[in-house]
Amino acid sequence: MRSAFAGTSLFVPLIVCLAILQEHGYKEGYRISSARGLARFNGALAHVLSSALIIGAAYSALCLLLFAIAIIRGGHNYSHDMLTAFLPAMIVNAVLVISVALETVTIYRITGSAVFSGAVVIIGFVMSLTLYGTYLQTPIPSLRWIFFLPGPYLGVGCALGYSDMGQLTLLGYGVAASCLSVLIYALVSFRAGGVLNGSSD
């Protein structure tokens, strides 16, 4: 199971780039949606949710493939118990990956800078993941801010370190961060057009 998630942290820059590319490609899609009379708020919401689902599905498919390869290379026989143990961990990590992608596109929507938003998310992820190890050794109150970032949660989820944080804690952060990002994204998109009734330009 760990081998299926081992590369997740390394994939974070790729996930960030994919999220930004999807957001950049949304401009043309938005023009088409507006021409069809789709409300700005609804269009933004549909776009960001579909992007999140695509990234989550791609990540899950990759993890399943790596899990199958690990079983074959390890000479193990597939069992229902293996999949029962693997799927909850995969779902939790997929939700956390989605939260990283949504945080990225939200920052990109606010700043309009692909370089800045990508750098903020990647540097913040690496920094929080690194400082989490320091925090475990010496629980310094000034480091508690790292728990607002996805690094520690995704790191624990990939390492299956549920003794540090339970699966529900990881899932709770992923869902909360994702919902907050979607809300901010939709509101920023809604106000960007200068309309207060949600209608498109």
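## Voids and helices in a predicted all-helix model

A search of the whole structure finds 1 cavity of 30 Å³ or more. A cavity is a set of points on a 1 Å grid over the protein atoms alone, where a 1.4 Å probe fits but cannot get out. Grid points are joined across faces, edges and corners, and a volume is the space filled by probe spheres set on the points.

This is a predicted model: local features need pLDDT of at least 70, side-chain atom pairs count only at pLDDT 80 or more, and totals for chains, interfaces and linings use all residues. Residues are numbered from 1 along each chain as its sequence is written, and side-chain values use heavy atoms, with hydrogens and water left out.

**Confidence and fold.** pLDDT is the predictor's confidence in each residue, from 0 to 100. Its mean over the protein is 82, and 84% of residues reach 70 or more. Residues 194-201 fall below 50, and this stretch has 18 contacts in the model beyond near neighbours in sequence. Contact means heavy atoms within 4.5 Å. Where pLDDT is low, the predicted coordinates should not be read in detail.

The protein has 7 helices and 0 strands. Helices (H or I, at least four residues) and strands (E, at least two) are DSSP runs, numbered from the N terminus. Of the contacts with a separation of 6 or more, 73% join residues 24 or more positions apart. Buried residues (under 20% relative accessible area; exposed is over 50%, partly exposed in between; 1.4 Å probe, protein chains only) make up 42% of the 201 residues.

**Cavity and pocket.** A pocket is an open set of grid points with protein on both sides within 12 Å along at least five of seven lines; lining residues have an atom within 4 Å of a point.

| Void | Volume | Helix giving the most to the lining |
|---|---|---|
| Largest cavity | About 50 Å³ | Helix 3, 4 residues |

The lining of the largest cavity includes Ala19, Val48, Ile55 and Leu102. Helix 2 (8-35), helix 3 (40-73) and helix 4 each supply at least two of its lining residues. The largest pocket has 17 lining residues; Glu103, Ile107, Phe148, Leu149 and Ser181 lie nearest its centre. Here helix 4 (80-111), helix 5 and helix 7 (167-192) each supply at least two.

**Helix 5.** Helix 5 (residues 114-137) has 24 residues. From first C-alpha to last it reaches 35 Å, close to the 34 Å expected at 1.5 Å a residue. The expected span is 1.5 Å times one less than the number of residues. At its start, a side-chain oxygen of Ser113 reaches to within 3.1 Å of the backbone nitrogen of Phe116. Its buried residues include Val121, Phe125, Ser128, Tyr132 and Tyr135. An α-helix has 3.6 residues a turn, so residues three or four places apart point the same way.

**Two buried sites.** Ser60 lies in helix 3. Ser60 is buried, at 15% relative accessible area. A polar atom of its side chain lies 2.8 Å from the backbone oxygen of Gly56. Leaving aside neighbours within four places in sequence, Ser60 is in contact with Met90 and Ala94.

Leu160 sits in the loop between helix 6 (151-159) and helix 7. Its phi is near 55 degrees, a positive value in a residue other than glycine. Leu160 is buried too, with a relative accessible area of 17%.

Conventions
Polar contact = N/O pair within 3.5 Å; in protein donor to acceptor, adjacent residues only side chain to side chain.
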